[in-house]
Amino acid sequence: MKELKTALIETEGLMIGYPASKASRVVAGPLDLTVCGGQLICLLGPNGSGKSTLLRTLTGLQPVSSGKISLDGIPLKTLKAPAIARKLSLVLSEKVTGSNLDVYNLIALGRYPYSGWFGKLNAEDRAMIIRAAELTDTTGFLDRQVDSLSDGECQKVMLARAIAQDTPVVVLDEPTAHLDLPSRLKLMQLLYKLTRETGKAIIISTHELDLALQTSDLIWLMDGRGGLHSGIPEQLVLDGVFEKAFNREEIHFDPYTGHFTIPRVLKQQISLIGDGLPFIWTRKALERCGYGVTDGLNPEFHILIESGNNGIRWTVTAYGHPDQCFNDLQQLVDALV
Ligand SMILES: Nc1ncnc2c1ncn2[C@@H]1O[C@H](COP(=O)(O)OP(=O)(O)OP(=O)(O)O)[C@@H](O)[C@H]1O
């Protein structure tokens, strides 16, 4: 058995919302949450369910409606900003604009809880900045002006600043929002690795359900009705909470694959004979075009897939017509739709 980890963040009966605003309202709660070192937590939920509100509240940017938050065992409300900044770093999704800083100096801002705003950077600070840039693949931008970066490049630099801050908890609001697919995968891998190598707790809000299911230790799923489900990804799938939080008429969560799918009106059943990748991708293409695919033989209407030295061949047998052969999946699809 592993020894029990100590909690870095704990909430008790936490209610989050905007009691002071004109449209006074509670967004979610009561929330009893625990964040431990070494955990990657993905916060998911439909638009407007309260993800940003929760992150802002946990990081002290927004007052709690009621209930308690403690950071490393100390009530958050008793901590001053510099003390919070040594325990917790925050990366918001908004792009930094109008900044005259170059990237090196932006990342260096992460060191201010140790050096003070006007403090001189010492050797350790400089080493942390370079390390943070290396980890986030931003070394090549260090001399660039922040304003000249693309949204995705800027997002990586903001993560580098948070890493340079070297806090036990890192909170990121939609860090994958501006990134291309390889960068999204790389970022999630990096966050996962950081939790393992440094023992940091990392909390991110995201709409990337696939990536969250693959990488997180814990998912916090806000259901849009004020509730939050916390659990390991697989438990939440088994509990059926994704369907309840996200299912709409036009989309459907498939608990067998962990993907959202678009329900289609079935045109016809067809049987598919073959194996390997050609089988899998032919099946996907047919399903996308509205066919229901079975793997039992229907002598009337079926497709035989054969792979050989000359590539892949699809032979369609349909209701007594002469067989038709194709060497290209697109031609097969064009013939069937
Ligand atoms: N300053 C505010 N005053 C009053 N209500 C607000 C304020 N900011 C946000 N809200 C409301 O609080 C609710 C939660 O908003 P929040 O931004 O936390 O949702 P979210 O889950 O992060 O959404 P998204 O996925 O769209 O980013 C929404 O209904 C929003 O309209």
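## The E16–E17 hairpin and its surroundings

In strand E17, tryptophan 314 is the bridge partner of isoleucine 305. The two strands concerned, E16 and E17, form a hairpin with two residues between them. They run antiparallel and are joined by eight bridges, E16 covering residues 301–308 and E17 residues 311–318. The model described here is a predicted one.

Strand E16 also pairs with strand E14 (residues 268–273), in this case in the parallel sense and through three bridges. Within this pairing, serine 271 stands opposite histidine 302 of E16.

## Division into domains

The domain assignment gives the chain domain 1 (1–86 + 167–260), domain 2 (94–165) and domain 3 (266–334). Taken over C-alpha atoms, the centres of domain 1 and domain 3 are separated by 44 Å.

A pair of single residues also illustrates separation within the chain. Threonine 78 and leucine 297 stand 219 residues apart in sequence, and 70 Å lie between their C-alpha atoms. Threonine 78 is located in the loop between strand E6 (74–75) and helix H2 (81–85). Threonine 78 counts as exposed because it has 9 C-beta neighbours inside 10 Å, and a residue with 12 or fewer is classed in this way.

## Buried strands and their partners

Strand E9 (residues 201–205) is largely enclosed by the rest of the structure, because five of its five residues are buried. In a regular strand, side chains alternate between the two faces of the sheet. Both faces of E9 are covered, with Ala201, Ile203 and Ser205 buried on one side and Ile202 and Ile204 buried on the other.

Strand E9 has parallel pairings with strand E4 (residues 40–44), through four bridges, and with strand E8, through five bridges.

## Nonpolar cores

The largest nonpolar core has 65 residues, and Ile107, Val157 and Val171 have the most contacts inside it. Helix H6 (residues 151–165) gives the most to this core, contributing eight residues. The core draws at least three residues from each of domain 1 (1–86 + 167–260) and domain 2 (94–165).

When neighbours within four places in sequence are left aside, isoleucine 107 is in contact with Ile129, Ala132, Ala133, Val157, Ala160, Arg161 and Ala164. Another core, of six residues, lies apart from the largest one and includes Ile303, Ile305, Trp314 and Leu332.

## Surroundings of the ligand

There are 12 residues around the ligand, of which Tyr18, Asn47, Lys51, Ser52 and Thr53 come nearest. By class, this shell has three nonpolar, eight polar and one charged residues. Helix H1 (residues 51–58) gives the most to the shell, with three residues.

Technical notes. Residues are numbered from 1 along each chain as its sequence is written. This is a predicted model: local features need pLDDT of at least 70, side-chain atom pairs count only at pLDDT 80 or more; totals for chains, interfaces and linings use all residues. A residue is near a molecule or strand if its C-beta atom, placed from the backbone, lies within 6 Å of it. Ala, Val, Leu, Ile, Met, Phe, Trp, Tyr, Cys and Pro count as nonpolar, Asp, Glu, Lys and Arg as charged, and the others, Gly among them, as polar. A nonpolar core is a set of buried Ala, Val, Leu, Ile, Met, Phe, Trp, Tyr and Cys residues joined through C-beta atoms within 7 Å. A residue is buried if 20 or more other C-beta atoms lie within 10 Å of its own, exposed if 12 or fewer, and partly exposed in between; C-beta atoms are placed from the backbone. Domain bounds come from an automatic or database domain assignment. Two residues are in contact if their C-beta atoms, placed from the backbone, lie within 7 Å. Two strands pair if DSSP finds at least two bridges between them.
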